[in-house]
Amino acid sequence: MSVARCRAAVLGSPVAHSLSPVLHRAGYAAAGLDRWTYERIECGAGELPALVRGSGPQWAGYSVTMPGKAAAAAVADHRSPVVDLLGVANTLWRGAPSGVPSRTAKAAGPGWSEPGWNAENTDVDGVVGALQAAGVAPVRVLLLGGGGTALSVVAALARMGALEVVLAGRRPQSTSSGLRIAHRLGLAAAAVEFSASGINPHLNRVDLVVSTVPAGIADPFAAALASVPALFDVVYAPWPTALAAASEPGRVTVTGLDLLLHQAFRQFELFTGVPAPRAAMRDGLLAATGAELPLPLG
């Protein structure tokens, strides 16, 4: 008798703060997946390959947070094109579950029914979903930061048809990776210093600012960025950030909770083969955080 694949977890270090269990458990309850469980596992990048390879047949998938996203991409037997491009994955799932919704199967691409561990980067889906749900159609974008999340943002902007991205990274190596990926995806891209003198000359041209830097790092730019029509700040605690608090009336603001929510939808579907119960997952996230945010579903 085959063992039912009904266990999932988030891997990371530290991982105690992760809200992924809230999202997935709310989805299981709403979808009637009574046998499914989701937990947190403390796991560094060096430990991840052995943990994944040693997983029993009951394990359906893993969400992966820092610092294991590059290790997740490397350990997978099969990688999506976006994982190959970015070199990082936030989702590992075993095979392609039977009954995968047609939209998920189509998005996954050919060859995803192969046995073994598959890698995807649903952070890209999360950026696209969060911006679309908020009614933002970016054309020219200022991107603060150059780490793994910033790379996912670059891929998402290309998917959405943006024309140009200005990268203000804190480290030359990460900024160069963003430039390389942007050019491969057909985006016009330029790098500027992570400073007021580097950023300010571009503010009258951009329609969206995306900040992927940790809380507090972009605070000195809050007043200067306040008039840009849309803000996407991937921080979700503490909220509001200085960037959000400085917003002028009428600005569209997208939050880190929007990103977390929307990236979880496809992840849920890849693990379970069941359409994500989006409203229930959103309600679970709001209840757990006490956030007073709209978190539109689109």
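A cavity is a set of grid points where a 1.4 Å probe fits but cannot get out. In this predicted model, one cavity of 30 Å³ or more is present. The structure also has a largest pocket that holds about 1100 Å³ of space. Two helix pairs, α6 with α7 and α12 with α13, are described below, together with two cis peptide bonds and a residue with positive phi.

**Largest pocket**

- The lining of the largest pocket comprises 41 residues, and those closest to the pocket centre are T65, M66, K69, T149 and V234.
- At least two lining residues come from each of β3 (59-64), α3 (69-75), α7 (148-159) and α12 (256-272).
- Helix α12 supplies the largest share of this lining, namely five residues.
- By class, the lining of the pocket consists of 18 nonpolar, 19 polar and four charged residues.

**Largest cavity**

- The volume of the largest cavity is about 50 Å³.
- Its lining is formed by S211, V213, P214, A215, G216, I217, A218, D219, D233, V235, T241 and L243.
- Seven of the residues lining the largest cavity are nonpolar, three are polar and two are charged.

**Packing of α6 and α7**

- Two packed helices are described by the angle between their axes and the distance between the axes.
- For α6 (residues 122-133) and α7, the angle is about 55° and the axes lie 8 Å apart.
- The two helices α6 and α7 are therefore oblique to each other, since angles from 65 to 115 degrees would count as roughly perpendicular and those under 35 degrees as roughly parallel.
- The crossing in which α6 passes α7 is right-handed.
- On the α6 side the contact involves D123, V124, D125, V127 and V128, which meet S152, V153, A155, A156 and R159 of α7.
- This contact between α6 and α7 contains six nonpolar, one polar and three charged residues.
- Helix α7 is also among the elements that supply at least two residues of the lining of the largest pocket.

**Packing of α12 and α13**

- Helix α12 packs with α13 (residues 278-289) at an angle of about 140°, and their axes are 10 Å apart.
- This angle makes α12 oblique to α13, because only an angle over 145 degrees would count as roughly antiparallel.
- Helix α12 passes α13 in a crossing that is right-handed.
- From α12, the residues L257, L260, L261, A264, F265 and F268 meet R278, M281, R282, L285 and T289 in α13.
- The contact of α12 with α13 is made up of eight nonpolar, one polar and two charged residues.

**Backbone features**

- Most residues other than glycine have a negative phi, and most peptide bonds are trans.
- S13 and P14 are joined by a cis peptide bond with an omega of about 0°.
- P14 is placed in the loop between β1 (7-12) and α1 (20-31).
- M66 and P67 are likewise joined by a cis peptide bond, with an omega of about 5°.
- P67 lies in the loop between β3 and α3, and M66 is one of the residues closest to the centre of the largest pocket.
- L295 is not a glycine, yet its phi is positive, at about 40°.
- L295 belongs to the segment after α13.

Notes. Residues are numbered from 1 along each chain as its sequence is written. This is a predicted model: local features need pLDDT of at least 70, side-chain atom pairs count only at pLDDT 80 or more; totals for chains, interfaces and linings use all residues. Side-chain values use heavy atoms; hydrogens and water are left out. On a 1 Å grid over the protein atoms alone, a cavity is a set of points where a 1.4 Å probe fits but cannot get out, and a pocket is an open set with protein on both sides within 12 Å along at least five of seven lines; lining residues have an atom within 4 Å of a point. Grid points are joined across faces, edges and corners, and a volume is the space filled by probe spheres set on the points. Helices (H or I, at least four residues) and strands (E, at least two) are DSSP runs, numbered from the N terminus. Ala, Val, Leu, Ile, Met, Phe, Trp, Tyr, Cys and Pro count as nonpolar, Asp, Glu, Lys and Arg as charged, and the others, Gly among them, as polar. Axes are lines fitted to C-alpha atoms, for helices over the stretch in contact, and angles run from 0 to 180 degrees between N-to-C directions. A crossing is left-handed if the near helix is turned anticlockwise from the far one by less than a right angle, and right-handed if clockwise. Contact means heavy atoms within 4.5 Å.
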